[in-house]
Amino acid sequence: MKKKLFSLLICSSFIIFFVACKKDTVNPETDLSVSQTVNSDAPTVGSNVTFTVSILNNGPSAATGVSVNYSLPAGYTLVSATPSVGTWGSSTWSVGNLANGSGATLTVISKVNSAGPYSNTATIMGSETDPTAGNNTAIKATVPVAPPSTDISVAQTVSNSAPVVGTEVTISVTVLNNGAIEATGVSVSDVLPAGYSLVSAAPSIGTWASPNWSVGKLASGSSAKLSIVAKVLETGPYENTATATVTETDVNAANNTATSSIVPVPLVAVKTTYNNDVKPLLVVSCAPCHVSGGSYGKWDVYANAKSKITAIIDRVNRAQGSAGFMPSGGTKLSADKIAILNKWVTDGLLEK
Ligand code: HEC
């Protein structure tokens, strides 16, 4: 009796086991789940964020034909998608088989665009029946922030807007940080136009390597100056442009360029006049004979010197000591002095 009962127990156990196994084989069930995390909930626009999509087979059966649909919304641009198992291609992570209790991850790096939407949806599916549908979808969103912005402005002045050709001017280029944050990587480019020749350039901060002024960092509200000394050449152009750039986003690009210009005054040819040049020469060289009080032509009187200039030039050009040579008994005038007399004629025998 005891033996019979035991074999019945064994037998019924087998039946239960068989039924259970049979049921499992005919209709396997899996509970697939998906979740998502992101490395930053408030990423900066333009930076990369990393989403990690984690999947798990909660069983009880082994899962086959597992895939995850993961399409990025307009707020992101895909950089890379790396699955721990399976393959990635066009919005689909093909996982394949996933044993009971095992999981896998997909690492998605994407660039944050300036406009959304920013909500990512991951949806898992498999070949087996999944009675728990609630955990088959995971949504993760970020709230991106604008990158820090600044406003760099440039101004410039010239020490003299009407310099004489050949003289030097100082061009002062000033760069100012109007932004609320420190500006970094500030740089000013200033290519001198052909009307100038660079003499020197001295920055208040940073370094100058023509044509670039590397300012570097500029605190909010602070400014820096570059003093360019340049020689004004005879022909232009003279319009000088300075342009600033900065690492941060510049909210106002319109004030990043400044120009200056000059209207140079041509070198005036100075004319030789009697009062300035000729009279002093004749008075010194021809005294005492030819000045008032002397016995000969009075070269200290404009009208006399003017009317006798041909004879004067003739006499001073004669060989020293020869007949009629002037200054009589003296030393021949230097070539420079004779040139002054000739130029006085060329310039029109002006009195003053
Ligand atoms: C030491 C005195 C003396 C000095 C200095 C002298 N002369 Fe005379 N100059 C004379 C005498 C004397 C004559 C008249 C004789 C003659 O014509 O050679 C004369 C005549 C002239 C004449 C001709 C006058 C005319 O009406 O045609 C000219 C021109 C002249 N001198 C120019 C000069 C000049 C220019 C200098 C200075 C660079 C000069 N002389 C210095 C003594 C001098």
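**Close-up 1. Polar contacts between side chains and the ligand in the predicted model.** A polar side-chain atom of Lys-308 lies 3.1 Å from an oxygen atom of the ligand. For Arg-315, a polar side-chain atom is 2.9 Å from a ligand oxygen atom. His-290 places a polar side-chain atom 2.6 Å from a nitrogen atom of the ligand. A polar contact is a pair of N or O atoms within 3.5 Å. This is a predicted model, in which local features need pLDDT of at least 70 and side-chain atom pairs count only at pLDDT 80 or more, while totals for chains, interfaces and linings use all residues. Residues are numbered from 1 along each chain as its sequence is written, and side-chain values use heavy atoms, with hydrogens and water left out.

**Close-up 2. The shell around the ligand.** The ligand is surrounded by 15 residues (one heavy atom within 4 Å). Cys-286, Cys-289, His-290, Arg-315 and Met-326 are the closest. Ten residues of the shell are nonpolar (Ala, Val, Leu, Ile, Met, Phe, Trp, Tyr, Cys and Pro), three are polar (the others, Gly among them) and two are charged (Asp, Glu, Lys and Arg). At least two shell residues come from each of α2 (274-286) and α4 (309-317). With four residues, α4 gives the most. Helices (H or I, at least four residues) and strands (E, at least two) are DSSP runs, numbered from the N terminus.

**Close-up 3. The iron site.** His-290 (NE2) and Met-326 (SD) coordinate the iron atom of the ligand at 1.9 to 2.4 Å. Donors are N, O and S atoms within 2.8 Å of the metal (3.2 Å for Na, K and Ca); water is not among the atoms, so sites may look incomplete. The site of the iron atom is octahedral, with angles of 81 to 178° among its six donor atoms. Six donors count as octahedral if opposite donors are over 155 degrees apart and all others between 65 and 115. His-290 lies in the loop between α2 and α3 (302-307) and Met-326 in the loop between α4 and α5 (335-346), so the pair ties together parts that are 36 residues apart in sequence.

**Close-up 4. Backbone at Met-326 and Pro-327.** The peptide bond joining Met-326 and Pro-327 is cis, with omega about 0°. Pro-327 is in the loop between α4 and α5.

Close-up 5. From Gly-59 to Pro-60 the peptide bond is cis, with omega near 5°. Pro-60 belongs to strand β2 (residues 48-60). Ser-91, in the loop between β5 (87-89) and β6 (92-98), has a positive phi of about 70° although it is not a glycine.

Definitions and conventions:
Polar contact = N/O pair within 3.5 Å; in protein donor to acceptor, adjacent residues only side chain to side chain. Tetrahedral: all angles 85-135°; square planar, octahedral: opposite > 155°, others 65-115°.
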